[in-house]
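Here are some notes to go with your first look at this one. Have it open beside you while you read.

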Amino acid sequence: MKHARLWVGFISLSLLFSAACTSKPKEELPNTLRLAQRGKVKGLDPIYADDTYAGEEVSRAYEGLLQFHYLKRPYVLIPALAEAMPEVSKDRLTFTFKIKKGVLFHDDASFKDTGGKGRELTAEDFVYSFKRLADPKLISTGWWLLDGKIAGLNEWRQDAQKKGVADYAAPVSGLKASDRYTLEIKLLSRAPSFLYSLAMPFTSVVAREAVESYGKDFLNHAVGTGPFRLMEFSSNSRLIWAKNPTYRQETYPSEGEQGDKEAGLLADAGQPLPRADRIEVQVYVEDQPMWLTFLSGKLDLSAIPKDNFQQAITPGKELSRDLSEQGVRLVKSPMLDVTHYTFNMSDPVVGKNKYLRQAMSLVYDSGPLIELFYNGRALAAQGPIPPGLSGHDPKFRNPYRQFNIGKAKELMVKAGYPGGQGLPPLTYITTAGSTERQMTEYAVRVFDTIGVKLQIEAFSWPEFQQAVRNRKGQIWSFAWNADYPDAENFLQLFYSKNASPGPNDSNYSNPEYDRLYEKSLGLPDGAERTAVYRQMVNLLVEDCPWIFGVHRIAFGLVQPWVKNYKRSDFHGASKYYRVEREK
Amino acid sequence: MFAYVVRKLLNTIPTLLGVWIVIFVLFNVIGGDPTYIMLGKHATPELIADVRAEYGYDQPMLKQFFRYLGETVTFNWGDSRATRQPIATMIHDGLGPSLTLTVPAFLVTTVFSVLMGLLVAYFRGRWIDRIVVIGCVIGMSVPMLAFILFGQYFLAYKMGLFPIHGFDPAWPERFHHILLPALIWVVVSLGYNVRFYRTALVEEVGQDYIRTARAKGLGELPVFLKHVLKNGMVPILTNIVIEIPMLVLGSFLLESFFGIPGIGGITIAAINNSDFPVIRAMTTLVAMLFIAGNLATDILYTLVDPRVRLK
């Protein structure tokens, strides 16, 4: 009897495994995009879309008032759910948006009045969504976009804090739906970059019925007006999106930048969006499976992992012959970012000694750094503003970023530490990853050439964040990716009112810089503002609160059957992609 | 037996309390502050104060500890600080994929290990024994990561025998995706288990009662199945029961490389983010499973060895 049970167990297991072996993957639609996410998607609520993974997924289902033109560079804002760009008052403080009529939310059970059919979008939905971003109970990571900008919104937030609950019926003077399709936003002061906020996932419009119906579980649902509807969501593993059948009438752009037509990027001009029928997103936290899946043709777009770079790219930085013969395309594009070493300016040693910082900047050679850690995929940064943004001067050469060990040693003498004598080891804080460890070893070697010793303290990511925000450590490495395509997003990193725990983690404070920054906020994009930006960059170059590192260049691989692909630094591009496999 | 179980359960209270104190100190006094992870790069003093007030981080440490203790004993896990997902939902969603991988792999490993242990105990000292022992040592020496990289590259990518990556929640498709990770689990686990079971069984083979059984003319198969296996079951059972709670935790490496949305990945992400509520939930869950496992082992001992009495 006992043996019989054992055999039954064995046979059951064998059947289970044979069933598993013979089960075939489901048939997929021909126009299905298979995309990778490099990290877990923590949720789909727009007010928490603060990382690239959540931002990208949120933008498939949700939309805001504005968006970036898919093809034009530099980036240009165009209407999304707004009928047109806003009317701006003479004092440039009030923006009036007309909302597109007939736009429907996704069909969802939370729309009880319409029997589960998505209802029409109205201006009130934006008022509600913006208030949600300000609701202190929800602790949105996007509140900084509206903080201190819209008249009456901070007061509404403070009132909610006092009462312990937000009153969504209470009016906000600077946020008004003057009729069903008209939204008025009144700013407290001029802020040209405010419009960029309206193209970010944080400010996407949500339906109150869905938020209230799903409660805490709202972040696992996606009920927007966007091009795709959520079919499946497993944050650790995969997301399935299907074309939204009730999507508004939006078409593929009919103009782009130079070279787009030749690259076939205008072939779908005027065609309805989204171009793909379905998107399957797989989360890959490790490089090898993503790379092998791409090579096997089951992933449509891929970055090139550091360890596979030589396999994919020739020494001349072109695509390898193997991949070229398979029709794979290599897309190179500079990213809107900057890496840097940060000096803690509130530290009595590094913060008070400009010559020491300049000497360290002079000796930190970008050439080997770019080859060693970026496989040549980066440009040496001369200042904080990356190429592609107004304010970046391609001809400018930072005098303290031209490797010169002799001059660095002279500056060490001026600093009062000839050959590093008398200088205590500087506390260098870092995270404990393998790449960070290698970069730290590089920094130790480089700074040692002028007698600057580093004392390394490695932390977990939360501990590192805590140390930086609490102004511990004297030097550390960081990177900043643009939230929106405006140099202001980089220059605010040195504004004294943004000092730690804010984004100015170097705690740089220069009244002249602050004055120029505040002046620039009131200026529209143009020659005058660019001139102010240059003055600000000059101050930073001389004061050296950062050692400017690199602006990275993205190398992406695209399968031959993917059409309309153009890399974007911002979210929401997948509605333009199409898949056309050979029959 | 009832009195024994009650006494044993009461004895677990100080153990659990110790676990909770260690976790609390590790992640509240020594570890990083999850506030900065929650708020991202645009944190302001005002926002930080809001978060601290909302989650009670601004309260005295002792008050925080008692609140934490209250939430723990009432199984009020709350929400993840990093993902804001309800922790109960995270565990519920992760448990299925983890167990889909670990349970079949564990069953196969256990059955094979015991059978191989019996086989090499029978052929003790002969070439088959030596080959298996050498194989076990190699299996124990090679890290799991090497098996994963090899399996993914050769068996999945080059030979196309298995999917490279991914997980399908549908049945029975999910088994299609866990075949390769389960195979790697089995290969990695076999080395240690076979050696351990071999040792336990070889010890029994040398006992006087086995010689007696053989002397009275019993065949080798009944000797091994009825006497050697049954008497060698106590250490085997201990090993098996210790492994069972770990099945719930899944395998971080396998889950990461194969895209299985299990508990292993959730736990590691929580540790990396200092996501204290998730870590607390996981440690409590595992501690309780271990305690239950130990209790079950004690009870099972009485079934396989009549000399054992629970008092």
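1. Whatever I list here was computed from it, so treat it as a reading of a prediction.

2. Start with the backbone of chain A. Most peptide bonds are trans. The one joining Arg73(A) and Pro74(A) is cis, though, with omega at about -5 degrees. To find the spot, go to the loop between strand E2 (66–68) and strand E3 (77–79), where Pro74(A) sits.

3. Further along chain A there's another cis bond, running from Ser500(A) to Pro501(A), and omega there is near 10 degrees. Pro501(A) belongs to the loop between helix H15 (488–491) and helix H16 (511–521).

4. Stay in that part of the chain for Asn507(A), which is also placed in the loop between H15 and H16. Its phi is near 60 degrees, a positive value in a residue other than glycine. Most residues other than glycine have a negative phi. Is Asn507(A) buried or exposed? Asn507(A) counts as buried because its relative accessible area is 7%, and the cut-off for buried is under 20%.

5. Chain B has a positive phi to look at too: Arg84(B), a residue other than glycine, has phi near 65 degrees. You'll find Arg84(B) in the loop between helix H4 (61–73) and helix H5 (87–122) of chain B. With a relative accessible area of 13%, Arg84(B) is buried.

6. Arg357(A) lies in helix H10 (residues 354–363) of chain A. Leaving aside residues up to four places away in sequence, Arg357(A) touches Asp543(A) itself, and its other contacts include Phe343(A), Met345(A), Val350(A), Cys544(A) and Pro545(A).

7. Leu17(B), Ile21(B), Val25(B), Val29(B) and Met61(B) make a nonpolar patch of about 390 Å². Helix H1 (residues 2–30) of chain B gives the largest share of this patch, with 4 residues. Ile21(B) is in helix H1, and Ile21(B) is partly exposed because its relative accessible area comes to 39%, between the limits of 20% and 50%.

Definitions and conventions
Residues numbered from 1 in each chain as written. Chains lettered and ligands numbered in written order. Predicted model: local features only at pLDDT ≥ 70, side-chain atom pairs only at ≥ 80, totals over all residues. Heavy atoms only, no water. Helix = DSSP H or I, 4+ residues; strand = E, 2+ residues; numbered from the N terminus. Buried < 20%, exposed > 50% of the residue type's maximum accessible area, 1.4 Å probe, protein only. Patch = residues over 30% accessible without salt bridge, like charges linked within 9 Å, V, L, I, M, F, W, Y side chains within 5 Å. Areas by Shrake-Rupley, 256 points an atom, 1.4 Å probe, with all protein chains shown as cover. Salt bridge = Lys/Arg side-chain N within 4 Å of Asp/Glu carboxyl O. Contact = heavy atoms within 4.5 Å.
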